[in-house]
Amino acid sequence: MTTMTLEQLQVSTTTLPIMGYAVFWRLNGVRVAHADLQVALAEAGLLTFLPQPLTPRTALRRALVEWIHDRASRGQAPVLATGSDNGKRE
């Protein structure tokens with residue numbers, strides 16, 4: 001993948017008319033408070049792309065998925081999923 005600055009793009013297209021630009025961006029594995037995201041997007045002029053805050057249901061689901069993943073990475077069986085804890089308590 002080649003990345004260019006806006007200035008490099010403008011110089012490279014001086015002889016070829018451009019009808020528009022396509023910009024792709026992605027954030028992955030980033031945690032940010034909704035209020036902080038709102039400020040950052042507003043400063044960048046992108047406030048219209050602010051997602052809605054998470055619903056309590058979505059927040060709970062994500063927390064449970066992360067908790068199960070964390071336990072699995074430590075080699076602990078997902079007790080609630082199997083229904084057997086072999087008498088072990090944490």
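Tutor: We'll go through the fold, the pockets, a surface patch and the salt bridges.

Tutor: First, the ground rules: this is a predicted model, where local features need pLDDT of at least 70, side-chain atom pairs count only at pLDDT 80 or more, and totals for chains, interfaces and linings use all residues. Residues are numbered from 1 along each chain as its sequence is written, and side-chain values use heavy atoms, with hydrogens and water left out.

Student: Which secondary structure pattern does the protein follow along the sequence?

Tutor: Helices are DSSP runs of H or I with at least four residues, strands are runs of E with at least two, and numbering starts at the N terminus. Here the pattern reads α-α-α-α, with four helices and zero strands.

Student: What share of the residues counts as buried?

Tutor: Buried means under 20% relative accessible area, exposed over 50%, and partly exposed in between, using a 1.4 Å probe and protein chains only. Of the 90 residues, 3% are buried.

Student: How much space lies in the largest pocket?

Tutor: A pocket is an open set of points on a 1 Å grid over the protein atoms alone, where a 1.4 Å probe fits and protein lies on both sides within 12 Å along at least five of seven lines; lining residues have an atom within 4 Å of a point. Volume is the space filled by probe spheres set on the points, which are joined across faces, edges and corners. The largest pocket comes to about 730 Å³. Its lining has 20 residues, with Val30, Arg31, Val32, Leu54 and Arg62 nearest the centre. Helix α3 gives the most to that lining, with four residues.

Student: Which residues make the nonpolar surface patch?

Tutor: Such a patch joins nonpolar side chains (Val, Leu, Ile, Met, Phe, Trp, Tyr) within 5 Å, from residues with over 30% relative accessible area and no salt bridge. Leu6, Tyr21, Val23, Trp25, Leu27, Val30 and Val32 make this one, about 810 Å² by the Shrake-Rupley method with a 1.4 Å probe. Leu6 sits in helix α1 and is partly exposed at 47%.

Student: How many salt bridges does the structure hold?

Tutor: The criterion is a side-chain nitrogen of Lys or Arg within 4 Å of a carboxyl oxygen of Asp or Glu. There are two. One joins Glu66 and Arg31 at 2.4 Å, N to O. Glu66 is in α3 and Arg31 in the loop between α1 and α2, so the pair ties together parts 35 residues apart in sequence. Arg31 is exposed at 68%, while Glu66 is partly exposed at 40%. Arg74 and Asp70 form a salt bridge too, at 3.6 Å between the closest N and O atoms.

Methods: Patches are made of residues with over 30% relative accessible area and no salt bridge: like charges are joined within 9 Å, nonpolar side chains (Val, Leu, Ile, Met, Phe, Trp, Tyr) within 5 Å.
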